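Dear colleague,

Please find below the structure that I am handing over to you. My findings follow directly after it.

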Amino acid sequence: MSTWDTGLFDCFSNPKVCVISWFCGPCQGAYQMAGVEDRECTPVDLILMLLCGFCCIIKTRGLIRDKFGIEGSLVMDILHIWCCGICAISQQTRQLDIKGIKPAGFLMD
C-alpha cells in the first residue's frame, strides 16, 4: 500500500486547484468521478454531484484509493470529507493530476 502523493493540508501547494475546489467543487467532483472511472464527464455526473455530493465525493475518494493502492478506509474518507472537504477535494485533484488524469477538465488546462 502507498500513501497520497500530496498531503491533505497541502491545499496551497497549487493555488489554482484550491480556488477551483472552493468555487467549483461540484464540477470538480463530477470530473473526478468520471476521470477515476476512465470515462468522459457527463451532465449526469454533475447532477449526481449536486444532489448527493457528500456521498459521491466519498465514493470517488474510495475509488481513487483503490485504483492507486492508497492506504485508508471508508471511515477515514468520511472524516476527511466531513471535516476538511475542500482540502480533501483538492488532494484528490492533485492525486489524479499527478497520475495523468484530468480531474477538473478544462479548468486544469
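A34 counts as buried, because its relative accessibility is 1%, and the cut-off for buried is under 20% relative accessible area. Please bear in mind that this is a predicted model. The residue belongs to helix α2, which covers residues 25-36.

Which residues does A34 contact, once its neighbours within four places in sequence are left aside? They are R39, E40, C41 and D45. F12, by comparison, is 22 residues from A34 along the chain, and the C-alpha atoms of these two residues are separated by 25 Å.

Is T6 buried or exposed? T6 is buried, since its relative accessible area is 15%, and buried means under 20%.

When neighbours within four places in sequence are set aside, T6 is in contact with Q91, R94, Q95 and I98. With one of these residues, R94, the side chain of T6 forms a polar contact of 2.9 Å.

**The protein chain as a whole**

The protein chain contains 4 helices and 0 strands. Its pattern, read along the sequence, is α-α-α-α.

As to overall dimensions, the C-alpha atoms fill a box of roughly 35 × 25 × 25 Å along the principal axes. The radius of gyration of the protein chain is 12 Å, which agrees with the value near 13 Å that a compact globule of 109 residues would have.

Of the 109 residues in the protein chain, 43% are buried. Among the contacts with a separation of 6 or more, 66% are made by residues 24 or more positions apart. The contacts of T6 with Q91, R94, Q95 and I98 may be read alongside this figure.

The accessible surface of the protein chain amounts to about 5900 Å², and carbon and sulfur atoms account for 69% of that surface. Finally, how far apart are the mean positions of the positive and negative charges of the protein chain? The chain has 9 positive and 11 negative charges, and their mean positions are 1 Å apart.

With kind regards

Key
Residues numbered from 1 in each chain as written. Predicted model: local features only at pLDDT ≥ 70, side-chain atom pairs only at ≥ 80, totals over all residues. Heavy atoms only, no water. Helix = DSSP H or I, 4+ residues; strand = E, 2+ residues; numbered from the N terminus. Rg over C-alpha atoms; globule rule 2.2 N^0.38 Å. Buried < 20%, exposed > 50% of the residue type's maximum accessible area, 1.4 Å probe, protein only. Contact = heavy atoms within 4.5 Å. Areas by Shrake-Rupley, 256 points an atom, 1.4 Å probe, with all protein chains shown as cover. Lys, Arg positive; Asp, Glu negative; His and termini not counted. Charge placed at Lys NZ, Arg CZ, Asp CG, Glu CD. Polar contact = N/O pair within 3.5 Å; in protein donor to acceptor, adjacent residues only side chain to side chain.
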